[in-house]
Amino acid sequence: QVQLVESGGALVQAGGSLRLSCAASGRTFSNYAMGWFRQAPGKERELVAAISWSGSSTYYTDSVKGRFTISRDNAKNTVYLQMNSLKPEDTAIYYCAVDQRPLLPTRVVVNIKEYDYWGQGTQVTVSS
């Protein structure tokens, strides 16, 4: 079983930047594809970005392309989400999640139902 702990959420002004971290413990983190999701009040949880276990492939939802960057450091068992040019509509609770299936090193996972474990979330609030 993998345990995930997010950090780095904060209140920031529009145009600002934040870096979220997701620290994993338990099973071998480096073998698993990871994703960052967010959920705003009254809305469904949505995929923001995903990364393959090798780190060689990434995916971004259209609304964050060019502003957010997902990365991972397998030696530190940590995945990051660098968020630049933040907008009020980015306000949400951000969650990281892991897909523990054995996948190809270039495979990113975009289906929320395929993620097995989730962190507790970290709040990001962007003021206008």
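**Exercise 1. Locate T122 in this predicted model, and state whether T122 is buried or exposed.**

Step 1. T122 belongs to strand 11, which covers residues 122–127.

Step 2. The relative accessible area of T122 is 10%. Buried means under 20%, so T122 is buried.

Step 3. Leaving aside residues up to four places away in sequence, the contacts of T122 include E6, S7, G8 and G9. L20, A92, I93 and Y94 are also touched by T122.

Step 4. A polar atom of the T122 side chain lies 3.0 Å from the backbone nitrogen of G9.

**Exercise 2. Work out how strand 5 is paired with strand 4 and with strand 6, and why strand 5 can be called largely enclosed.**

Step 1. Strand 4 (residues 33–39) is joined to strand 5 by 5 bridges, and the two run antiparallel. G35 has A50 of strand 5 as its bridge partner.

Step 2. The hairpin of strand 4 and strand 5 has 6 residues between the strands, and G42 takes a positive phi near 80° there.

Step 3. Strand 5 also pairs with strand 6 (residues 58–60) in the antiparallel sense, over 3 bridges. Here the bridge partner of I51 is T58 in strand 6.

Step 4. The hairpin of strand 5 and strand 6 has 6 residues between the strands, with G55 at a positive phi near 85°.

Step 5. Of the 6 residues of strand 5 (residues 46–51), 5 are buried, so strand 5 is largely enclosed by the rest of the structure.

**Exercise 3. Find the disulfide and state which parts of the chain the pair links.**

Step 1. The count comes to 1 disulfide. C22 and C96 form this link, with their sulfur atoms 2.0 Å apart.

Step 2. The angle about the S-S bond is 55°, and the link of C22 and C96 is right-handed.

Step 3. C22 is in strand 3 and C96 in strand 9 (residues 92–99); the two are 74 residues apart, and the pair links distant parts of the chain.

Step 4. C22 and C96 are both buried.

**Exercise 4. Trace the salt bridges of R38 to E46 and D90, then describe the salt bridge of R107.**

Step 1. The count of salt bridges comes to 7. R38 and E46 form one of them, with the closest N and O atoms 2.7 Å apart.

Step 2. R38 is buried at 6% relative accessibility, whereas E46 is partly exposed at 32%.

Step 3. R38 also meets D90 in a salt bridge, at 2.9 Å from N to O. D90 lies in the loop between strand 8 and strand 9 and R38 in strand 4, so the pair ties together parts that are 52 residues apart in sequence. The relative accessible area of D90 is 0%, so D90 is buried.

Step 4. R107 forms a salt bridge with E114, the closest N and O atoms being 3.8 Å apart. R107 is partly exposed at 35% relative accessibility, and E114 is partly exposed at 25%.

Note on methods
Residues are numbered from 1 along each chain as its sequence is written. This is a predicted model: local features need pLDDT of at least 70, side-chain atom pairs count only at pLDDT 80 or more; totals for chains, interfaces and linings use all residues. Side-chain values use heavy atoms; hydrogens and water are left out. Helices (H or I, at least four residues) and strands (E, at least two) are DSSP runs, numbered from the N terminus. Buried means under 20% relative accessible area, exposed over 50%, partly exposed in between (1.4 Å probe, protein chains only). A polar contact is a pair of N or O atoms within 3.5 Å; within protein, one must be able to donate a hydrogen and the other to accept it, and residues adjacent in sequence count only if both atoms are side-chain atoms. Contact means heavy atoms within 4.5 Å. Two strands pair if DSSP finds at least two bridges between them. A disulfide is a pair of cysteine sulfur atoms within 2.5 Å. A salt bridge is a side-chain nitrogen of Lys or Arg within 4 Å of a carboxyl oxygen of Asp or Glu.
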